Amino acid sequence: MGQGAVSNSRPIANINVVGKPARQNEGPMKRWGFILTISLLTSCNTTDILIYSKNNCFERQLTDLKNRKIYKKTFASFLDTLKIVQSTSKTLLEEKADDGIFFKNDSLECLMLVLERENDVTRGFGSARVWRGQLIKGQWKWSKSMWVTFDNDYFKKYEKNTFDNISKVARYSVLTNGEAKLNGCYLDEYFWFTYMKN
């Protein structure tokens, strides 16, 4: 069981990873289809502030990133792949690609989110599927990774099952898993690009 933590602070999220050992027991065997279930441990007010702060920071970075060629090329590649996957597989969920991209520092790997919800939006809050991208010989190769689901504590503030709300809590979970820092909006690269990939 992994636990999202904030440096020099108490944990802001308890992460239950199905099928994944703790880091100290990390083994060579690959595991697929991880499900992250997030339950808040802090007060709603503190969590609301953190979600807003992380998303506001990320949105500012994303605004600048969207003007760069790497963003346009990566996002277009992902949309092309997602359309092919959607055309060849049936799902009972409504899906939407989130426009946020979480690049590794070297820009050779990234994470993207596909937001998901029931067609009947009153049946429960949505979830998100993490996708991994790897740049190989100038082309992005995409693969599905874990699901991110949200505990009922999220619904008090984000009751409306909109893609905008699903995006906010999904991005927040990516930005705070592993050994995340309280300030800024940088993800834990070891957690996402090494630990969760093995």
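Analyst: Cys 57 counts as buried because its relative accessibility is 12%; buried means under 20% relative accessible area, exposed over 50% and partly exposed in between, with a 1.4 Å probe and protein chains only. This is a predicted model, in which local features need pLDDT of at least 70, side-chain atom pairs count only at pLDDT 80 or more, and totals for chains, interfaces and linings use all residues. Residues are numbered from 1 along each chain as its sequence is written, and side-chain values use heavy atoms, with hydrogens and water left out.

User: Where is Cys 57 placed, and which residues does Cys 57 touch?

Analyst: Cys 57 lies in helix H1; helices (H or I, at least four residues) and strands (E, at least two) are DSSP runs numbered from the N terminus. Leaving aside residues up to four places away in sequence, Cys 57 touches Gly 184 and Cys 185, where contact means heavy atoms within 4.5 Å. Cys 57 and Asn 183 are 126 residues apart in sequence, with 9.2 Å between their C-alpha atoms.

User: Turning to H2, which of its residues are buried?

Analyst: Tyr 71, Thr 74, Phe 75, Ser 77, Phe 78 and Leu 82 are buried in H2. Seen down the axis of H2, the buried residues fall within an arc of 160°, so they line one face of the helix; the arc is that of the directions from the helix axis to the C-beta atoms.

User: What does the face of H2 turned away from the buried side carry?

Analyst: That face of H2 carries the exposed residues Lys 69, Lys 72, Lys 83, Ile 84, Ser 87 and Thr 88.

User: And E6: how does E6 pair with E5 and with E7?

Analyst: E6 pairs in the antiparallel sense over eight bridges with E5, and likewise over eight antiparallel bridges with E7; two strands pair if DSSP finds at least two bridges between them. Ala 128 in E6 is the bridge partner of Leu 115, and Ala 128 also stands opposite Val 148 in E7. Seven of the 10 residues of E6 are buried, so E6 is largely enclosed by the rest of the structure.
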